[in-house]
Amino acid sequence: MSTAVLVAAVVGGGVLLLMRRLFPRQKAVKLLSYPADTMRGKTVIVTGANCGIGKALSGELLKLHARVIMACRDRQSAEEAAKDIKRGAGPEQGEVVIKHLDLASLRSVRKFCEEINEEESKIDVLVNNAGLYQCPYTKTEDGFEMQFGVNHLGHFLLTHLLLDLLKSSAPSRIVVVSSKLYKYGHINFDDLNSESSYNKSFCYSQSKIANLLFTLELSRQLEGTGVTVNALTPGIVRTRLGRHVQIPLLAKPLFYLASYLFFKSPLEGAQTPLYLCCSPEVEGVSGKCFANCEEEQLMEKATDEQVAKRLWDVSRTMVGLDN
């Protein structure tokens, strides 16, 4: 028994040391503080608001008296999340509205946008947060590879169909959640749906660089409208995003321990999107990417205007905007 304990301790220590090397503990994240009525009278749409960063962000916006539209695929999960954030927001808070949105279905995206355009007089902020990470190969309702379809194309159509309302609500903001893993991707125009071969890591990275290129081209097209768009990379956050990643059974306890030691909490991960939603410091700033509430320098492939324009044109065709 003592030998087994010793071996477990040595192996566990080795794993934790490896995790520390792979995911060095970041500086403690300073939580933002804004006046309680900062977002009073403002309407914010947050996709994927039922868990992780989206849920934490929605809770912080609610505290600031925003009207938060939680756009979620799973209504029951959204209702449970809404109860949680209402309890945490205190007696003085904004309003929560739950709307069904399945980004894997262009039909659902169009229905959601029709309802928003009919029911809402304005949108002050749109947060494109929802996403999938390294899921098994599947296709969306419309035949797109799932990660590219949800992470990029679903939000691409969503944003386009809400642009008129965003413009009439100006000054307004669009916030796009990307990932530092964009560095390992590029846009494979020859096989956007990964039908020839599927690498789940590459496809996630491809969808995240697509987010950045979309932000770049959209900011160019929105010049002079009063609508700004900025992206962000939240860092490594403890969320359900990695639920499709296979971890050996014996390693799971150590992995979960390491995640609490080295990863950001959802609230910490929500600070940069909160900053982009609320801060006067980014009023009028557009086409940038932020990390830890500061502008981030991107690799050249994420700022290639020709690739951004080509992706824009291809995406319009894929989601039916050119029909």
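**Sheet and helices**

Guide: Helix α9 (residues 271-278) lies across β4, β5, β6 and β7 (289-291), running at about 165 degrees to β5. Helices (H or I, at least four residues) and strands (E, at least two) are DSSP runs numbered from the N terminus; contact means heavy atoms within 4.5 Å. Axes are lines fitted to C-alpha atoms, for helices over the stretch in contact, with angles from 0 to 180 degrees between N-to-C directions. This is a predicted model, where local features need pLDDT of at least 70, side-chain atom pairs count only at pLDDT 80 or more, and totals for chains, interfaces and linings use all residues. Residues are numbered from 1 along each chain as its sequence is written, and side-chain values use heavy atoms, leaving out hydrogens and water.

Visitor: Which are the edge strands?

Guide: The open sheet has eight strands in mixed pairing, ordered β3-β2-β1-β4-β5-β6-β7-β8. Two strands pair if DSSP finds at least two bridges between them. Pairing on one side only marks the edge strands, β3 (95-100) and β8 (294-295).

Visitor: At what angle does helix α5 run to β4?

Guide: Helix α5 (residues 146-168) lies across β1 (43-47), β4 (125-128), β5 and β6. Its angle to β4 is about 175 degrees.

Visitor: At what angle do the axes of α2 and α3 cross?

Guide: Helix α2 covers residues 52-63 and helix α3 residues 75-89. Their axes come within 9 Å and cross at roughly 40 degrees.
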